Every structure is written in C-alpha cells, then in structure tokens.
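Here is a short briefing to read alongside the model.

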Amino acid sequence: MDYIIKGDSDCPIAEIHLQANETVKIERGSMAYMSNVSIEGKGLGGVLGAIGRSLTSGESMFITEATGTSSNAFLGIAPAIPGKITCLKVQPNQHYYLNNGVFLACDGSVSYEMKSQSVGKALFVVSGGFFVMHTFGQGDVMVSAFGDILEIDVDEDHPITIDNEHVVAWDDSLNYEIKVASGTFGFTTGEGLVNAFHGNGKVYIQTRNIHNLADALIPFMPQATNHN
C-alpha cells in the first residue's frame, strides 16, 4: 500500500495513492476526499447488499472498496476518533485479530473474516463486539487508535492482562481469554472486562479509553430541565 500519513499525530489523515484498477478496502464513512477513485456499494442498495453478505459469509457490512480509475488516483481517509494511525504487515505466517472499530483500510490482497467469540467470550459484546476481525492473505492493514499505539511483547514467561478498552490488535499466534475483573484497572462501575493473553506474540494497545473520556465529561454536560 502506497500511503502517506498527513497532519499531526493526534488527528491524522491517511492519504492512499492508487494505480489504475488497484483496489483498497476502507472503513465505510471514513472518506475525507478522493481523486480518480470509484467507490463500490454507495447508497442504500450497497448497504443492504453489505448486510446480506455479512450475514451469510462473515464479511463486515462496515467495509467498502475504493478502486483507482487512473495511474494518479488518491484518496484521504480519516478515523472517527482522534489518535494514531499505524500499519500492520499481513503475511502468510503473520496474521492478526483486530478489535471492533479499529480497522481503517487494507490492501485488496488482504482478506478478512468476522469471527464470533466463543461462548466463554460472549461478554466481549459489552465493550468490544461479539465479532472480531481476523486477517489473512498478504499486504498492509491500517488500524487507528484513541491516543497512541504501543506494542507489548508476550511470551510464555510474561503473559499479560489488558483492559479490553485498550486492546487494538494482536497476533493470531496468541491465546487469550476475556474475563470480568472487579476492583482493578480503574473501572468506574466496579466491574469491567480484561483480556488475558498468553503464548508468544505481540499485542497492540491504545493509550486512551474513550469510555473513560465520556464518563469524565458527564459532569460538564448540560442537564435537561423538566418544565412540568
């Protein structure tokens, strides 16, 4: 993927350059600008078709395709949340799981499937999603985060437990469990979810938690007045 990250590290845009007939998959609604690019699946018909595919084949209804119509095509895509954009290299022996909401774009040569969590991991729906994205194939995949993105190495001697709200992506070579944690990790409700990783590989985390920000802003939000 030929791309440039523009803007500052807090609010960047990824500008992707395409050759004629070159295709990338992008998060639906992330388009900021484009030149000499055609988009597949615009409008209600495209959305309904994506819903049907997502139900039958495990594809995501929130991903669309952009194809260059000339050798100098380009498009700019922007994540919904401020924070860093980074690129992960998908290879035949290097695949990833992506948490809900972090996917931004990938090469047309990268494939994915939406994998449901096991029964023991069904609580993931509370803050992450009942499905996670599993990549395969070969090429680049862009992910975005709230805040910065950090890499954490995991090995057999150093398993790690991470607040689920901070998990962005992880090597599919890792094993993991999602657990309910109480009285830890600063959960304001007293209970939250954590991911326990073990094995050998990397986990990518975001340095900020958007739900914590929302909770911090609540005292400053205007309160509705009851005129009855």
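A residue is called buried under 20% relative accessible area, exposed over 50% and partly exposed in between, with a 1.4 Å probe and protein chains only. By that rule, Tyr97 and Trp170 are both buried. This is a predicted model, where local features need pLDDT of at least 70, side-chain atom pairs count only at pLDDT 80 or more, and totals for chains, interfaces and linings use all residues. Residues are numbered from 1 along each chain as its sequence is written, and side-chain values use heavy atoms, leaving out hydrogens and water.

**Sheet**
- Strands E9 (residues 96-98) and E16 (residues 167-171) pair over three bridges; pairing takes at least two DSSP bridges.
- Leu98 sits opposite Ala169 in E16.

**Aromatic rings**
- Rings of Phe, Tyr and Trp (its six-membered ring) pair with centres within 6.5 Å; planes under 30 degrees apart are stacked, over 60 edge-to-face, and the rest tilted.
- The structure has seven such pairs.
- Tyr97 and Trp170 are stacked, at 5.6 Å centre to centre and 25° between the planes.
- Tyr97 lies in strand E9 and Trp170 in strand E16, so this pair ties together parts 73 residues apart in sequence.
- One aromatic cluster holds Tyr97, Trp170, Tyr176 and Phe197.

**Cysteines**
- The whole structure has zero disulfides, meaning cysteine sulfur pairs within 2.5 Å.
- Cys87 has its closest cysteine sulfur in Cys106, 10.0 Å away and too far for a bond.
- Cys87 is buried at 18% relative accessibility, while Cys11 is exposed at 53%.

Methods. Helix = DSSP H or I, 4+ residues; strand = E, 2+ residues; numbered from the N terminus.
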